[in-house]
Protein chains: 2
Amino acid sequence: MERLFDEELNKLREKLLRMSGIVEESVALSIEALKDRKEELAREVLRREEGVNLLDVEIDETCLRLLALRQPMAGDLRLITSAMKIGVDLERMGDLAVNIAQRALELLRVPILKPLVDIPRMARLAQDMLKDSIQSFIDRNDALAAEVCKRDDAVDALENQVFRELLTYMLGDPATIERAVGLLLVSRYLERLADHATNIAENVIYLVRGRSIKHNVDKIRSAD
Amino acid sequence: MERLFDEELNKLREKLLRMSGIVEESVALSIEALKDRKEELAREVLRREEGVNLLDVEIDETCLRLLALRQPMAGDLRLITSAMKIGVDLERMGDLAVNIAQRALELLRVPILKPLVDIPRMARLAQDMLKDSIQSFIDRNDALAAEVCKRDDAVDALENQVFRELLTYMLGDPATIERAVGLLLVSRYLERLADHATNIAENVIYLVRGRSIKHNVDKIRSAD
């Protein structure tokens, strides 16, 4: 029983790592498609979506099996339910990579607005946040997770900067509006990707420290 | 033990209903603030955020207690893990209502762009989807849940229409760009609200029918 439990747990870790690897690469590919105007890369992202979705369902099923295998103790319980929630975040992140690829395909049909600098930078940050958040889960490393949460501000700052810059383009030349709106949406997707990585990291902190840091709940409660 | 389990289960249902009620009202208030230019309503939404966040953490804790109370059978297991996932969706929906309220506060500082018709219509649809998705969970009504999933297309169609209309405004008069972008973001938030309601409904179908309809996983698997 114990061995079966550990085996299932290992499978779960492997699946989370595989899923996050695909998502991370999909983000990279979709941004590369946009930046270097390579339609084929965007199509590759769309092709990978099914694999991500399948892993999402498999992670769910593995978690349910683990919960059913034995009466889980507090620690295991949190581990398994955290993994389920991480699966949800990863699936949404996969969808966001697909959204970026779809925008890229639209934007590749029209002339380039400007060379992209901040958007690839945002993507890089979001990818690293994803990678480190999953690593922090595997290693139960709450310090790394806390560090991931902090990086979210840098992504938000970049998004704000991109937003202002694109507004300037639109105000200066209405012919740029459709393209600028497309890029604006891409930067929103990246910002949400970083939010999901932050969710994963918050979950890890909860898992390791045994209490929620989400929403500063201790503060809210003590103010009751 | 059995009675304690049932009591906790009832608490869980109550909390989900309370949380979805607050979120639904927050969406309504934020859109009313925007439509009728009432700043006070937007501020009310911001004030409610803490309550939603607190309920999110409480739902999580109730679910963990339920899982720890006894070795859950397949059916109970699914019920509890579904509730956890619904909590995640509700929390994100609360954030989206806050996002709308924040945009509303910005848009109230500038002259009105146009009387809003489609955006309040989208909001109404999203609110009903939320309400019915939670009801389908409480009643284990997979037919209602399936119906909620179908309604998502109507929201997407409206979003597309709003997008095209706002583009026309921006192209016609660059002075409208900032306001149009603000409204464009609001319609995105509403579309995501409907997506979350769809997630909840999909979860209910999984719960009731015992297999995932997400991602047409049966189709993908049989194609392997």
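Which residues is E91(B) in contact with, leaving aside its neighbours within four places in sequence? In this predicted model, the residues that E91(B) touches under that condition are V52(B), N53(B) and D56(B). E91(B) itself belongs to helix α3 of chain B, which covers residues 74–107. The residue has 22 C-beta neighbours inside 10 Å and therefore counts as buried, the threshold being 20 or more.

Only 12 or fewer neighbours qualify a residue as exposed, and D6(B) is exposed because 10 other C-beta atoms lie within 10 Å. Between D6(B) and L66(B), which are 60 residues apart along the chain, the C-alpha separation is 9.2 Å.

The overall architecture was examined in chain A. This chain contains 7 helices and 0 strands, and its pattern along the sequence reads α-α-α-α-α-α-α. Along the principal axes, the C-alpha atoms of chain A fill a box of roughly 65 × 45 × 25 Å. Of the 224 residues in chain A, 43% are buried. Among contacts in chain A with a separation of 6 or more, 82% are between residues 24 or more positions apart.

Helix α1 of chain A was checked for its length. Just after α1(A) comes R37(A), with a positive phi of about 55°.

Most residues other than glycine have a negative phi. R37(A), a residue other than glycine, has a positive value near 55°. R37(A) sits in the loop between α1 and α2 (39–69) of chain A. With 13 C-beta neighbours inside 10 Å, R37(A) is classed as partly exposed, because that count falls between the limits of 12 or fewer for exposed and 20 or more for buried. In chain B, R37(B) also has a positive phi, near 55°, and is placed in the loop between α1 and α2 (39–69) of chain B. R37(B) has 13 C-beta neighbours inside 10 Å and so counts as partly exposed.

Packing between helices was described for one pair in chain A. Two packed helices are described by the angle between their axes and the distance between the axes. For helix α5 (residues 142–172) and helix α6 (residues 177–209) of chain A, the angle is about 170° and the axes are 9 Å apart. Because angles over 145 degrees count as roughly antiparallel, α5(A) and α6(A) are roughly antiparallel to each other. The crossing of α5(A) past α6(A) is left-handed.

The largest nonpolar core has 130 residues, and the members that touch the most other members are A126(A), L190(A), A126(B) and L190(B). For L190(B), leaving aside neighbours within four places in sequence, the residues in contact are I119(B), M122(B), A123(B), A126(B) and V155(B). One of these contacts, A126(B), is itself among the core residues that touch the most other members.

Methods:
Residues are numbered from 1 along each chain as its sequence is written. Chains are lettered from A and ligands numbered from 1 in the order in which they are written. This is a predicted model: local features need pLDDT of at least 70, side-chain atom pairs count only at pLDDT 80 or more; totals for chains, interfaces and linings use all residues. A nonpolar core is a set of buried Ala, Val, Leu, Ile, Met, Phe, Trp, Tyr and Cys residues joined through C-beta atoms within 7 Å. Two residues are in contact if their C-beta atoms, placed from the backbone, lie within 7 Å. Helices (H or I, at least four residues) and strands (E, at least two) are DSSP runs, numbered from the N terminus. Axes are lines fitted to C-alpha atoms, for helices over the stretch in contact, and angles run from 0 to 180 degrees between N-to-C directions. Angles under 35 degrees count as roughly parallel, over 145 as roughly antiparallel, 65 to 115 as roughly perpendicular and the rest as oblique. A crossing is left-handed if the near helix is turned anticlockwise from the far one by less than a right angle, and right-handed if clockwise.
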